[in-house]
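Let's take a walk through this protein together, starting on the inside and working our way out.

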Amino acid sequence: MSISSSTTPRSPAFSITSPLLSPTVIRNRARRGSLVKVEEVGSNSLEEAQDQGAFPDHNSEWVNRKGAWLMHPILIIIGKFFIDMIPGVDSEMSWTLTNLAYTALSYLMFHWVTGVPFKTEEHAGAYDDLTLWEQIDGGAHYTPAKKRLFVTPIALFLISTHYTHYEPWTFTICFIALIINLFPKLPQLHRLRLRIFPPEEDKSGPGTPGTPLTPTTHNIMLLSPTSAIVSPTSG
């Protein structure tokens, strides 16, 4: 076997610098994010419990004060009075709007807004991810305050559907609003969040392993014009 230099003109040299050149490279496939995700908020640790108990939670303690339960019936009556003053609104529509308005406001107040609006430094951020409902009575379930808050929207729903004579469309709309309002009050959903279209996860971690790549003609470096070639010759 002898080594000789090639004199035949060749195309300009180039090389492929892609990672595909290495046959041992493993390609990671990114994981697809789910459309709906349920996640738990808060650490629920001893340190968090100590931060929550360091000072009174002024954001939720008012629900246990004397006469606090009267606030909801009074607000419902006042809201009903102002809705009745709107021209063209009959009794059935007035009760429906009162029910939906109370349901929306109570959901926004107890299940949408998180954290505390004042004196946030007292609890070192222990309530930042918790709603007002989750802060009431330290997160305990079936307390007198939570029972009253659970029964109030049900009673308003029954009263409003009675005065609307159980009209199918009105009943359906009010019933859906009631379910949306009561759903996050269940103990099984304590500190759980239902995320729709959650943000993409960090892809810096390991992905799903793929198959090793095999060398092909596309990832073999081409020879340059001055490179030597090996040709077999008879000895």
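The largest nonpolar core is built from 8 residues: Trp-62, Val-63, Phe-110, Leu-132, Trp-133, Ile-136, Ala-145 and Leu-149. A nonpolar core here is a set of buried Ala, Val, Leu, Ile, Met, Phe, Trp, Tyr and Cys residues joined through side-chain atoms within 4.5 Å, and buried means under 20% relative accessible area (1.4 Å probe, protein chains only). At least two residues of this core come from helix H4 (132–135), and at least two from helix H5 (144–163).

This is a predicted model, so local features need pLDDT of at least 70 and side-chain atom pairs pLDDT 80 or more, while totals for chains, interfaces and linings use all residues. Residues are numbered from 1 along each chain as its sequence is written, and side-chain values use heavy atoms, leaving out hydrogens and water.

Now, what does Phe-110 touch, skipping residues up to four places away in sequence? Its partners are Trp-62, His-72, Thr-131, Leu-132, Trp-133, Ile-136 and Leu-149, where a contact means heavy atoms within 4.5 Å.

Let's zoom out. The protein has 6 helices and 6 strands, and from the N terminus on they run β-β-β-α-α-α-α-α-α-β-β-β. Helices (H or I, at least four residues) and strands (E, at least two) are DSSP runs, numbered from the N terminus. Of the 235 residues, 26% count as buried. Among contacts with a separation of 6 or more, 78% are between residues 24 or more positions apart.

Note on methods
Buried means under 20% relative accessible area, exposed over 50%, partly exposed in between (1.4 Å probe, protein chains only).
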